[in-house]
Amino acid sequence: MNKAQHKTGVGIPQVTQAVLLAGWFVMVVMVGGGIYESLIIDTAWPGNLALVQPELGGINRKVFWIPLHALMTLLLALSLWLCWRDRSVRNLLLLAVVFYLVVRAWSAFYFIPVALEFEAAAPEAPLPDAGHWVALSPLRTLLSLAAALCLTQVLFRRAGSGGPQDGV
């Protein structure tokens with residue numbers, strides 16, 4: 001037991017496992033949020049734009065997604081830093097990061113700008129892009145699910161190996 005473990009009773013492996021578990025949990029919540037939006041919100045709002053217009057009493061997606069993405073970004077970066085020495089875990093984490101970055105980039109360059117247009121449009125305005133947006137949106141959830149599956153595999157590998165390869 002090193003000095004840090006002796007003083008706190010918590011060592012790097014426990015911290016690493018907690019960070020990985022938190023990242024997995026946040027990603028699973030994001031997958032659940034994507035499924036909810038696809039099945040519930042996205043089936044209704046193209047016919048009633050006010051449902052996604054916070055100023056008119058509709059949902060404010062930013063309240064859910066912005067904190068989750070900020071936390072997920074931090075947890076993925078921290079996970080990589082803590083697990084860098086373990087190649088099999090590092091490679092899975094890098095794959096999860098790739099899936100996640102594709103979601104973030106696609107959202108930043110297409111979904112978010114178009115969603116902001118929908119939020120700003122007149123409630124009775126025609127929405128020519130709504131069907132396209134709704135049809136593509138579940139693909140982001142599938143990419144997030146792929147990232148969640150990578151993180152699940154990371155947890156299983158660390159549990160099986162005892163996670164001794166923490167590299168800080």
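At what angle do H2 and H3 pack, and how far apart are their axes?

## Helix packing

H2 and H3 pack at about 150°, with axes 9 Å apart. Axes are lines fitted to C-alpha atoms over the stretch in contact, and angles run from 0 to 180 degrees between N-to-C directions. H2 is therefore roughly antiparallel to H3, a term for angles over 145 degrees.

The residues of the contact between H2 and H3 comprise 17 nonpolar, 6 polar and 3 charged. Here Ala, Val, Leu, Ile, Met, Phe, Trp, Tyr, Cys and Pro count as nonpolar, Asp, Glu, Lys and Arg as charged, and the others, Gly among them, as polar.

## Basis and fold

The model is predicted: local features need pLDDT of at least 70, side-chain atom pairs pLDDT 80 or more, while totals for chains, interfaces and linings use all residues. Residues are numbered from 1 along each chain as its sequence is written, and side-chain values use heavy atoms, without hydrogens and water.

The protein chain has 5 helices and 0 strands. Helices are DSSP runs (H or I, at least four residues), as are strands (E, at least two), numbered from the N terminus. Of its 168 residues, 39% are buried, meaning under 20% relative accessible area with a 1.4 Å probe, protein chains only.

## Nonpolar cores

A nonpolar core is a set of buried Ala, Val, Leu, Ile, Met, Phe, Trp, Tyr and Cys residues joined through side-chain atoms within 4.5 Å. The largest has 26 residues; Met-27, Met-30, Met-72, Leu-93 and Leu-151 touch the most other members. H2 (12–44), H3 (61–83), H4 (87–120) and H5 (130–161) each supply at least two residues. H3 gives the most, 8 residues.

Another core, of 13 residues, lies apart, with Ile-41, Leu-49, Tyr-110 and Trp-133 among them.

Definitions and conventions. Buried means under 20% relative accessible area, exposed over 50%, partly exposed in between (1.4 Å probe, protein chains only). Angles under 35 degrees count as roughly parallel, over 145 as roughly antiparallel, 65 to 115 as roughly perpendicular and the rest as oblique.
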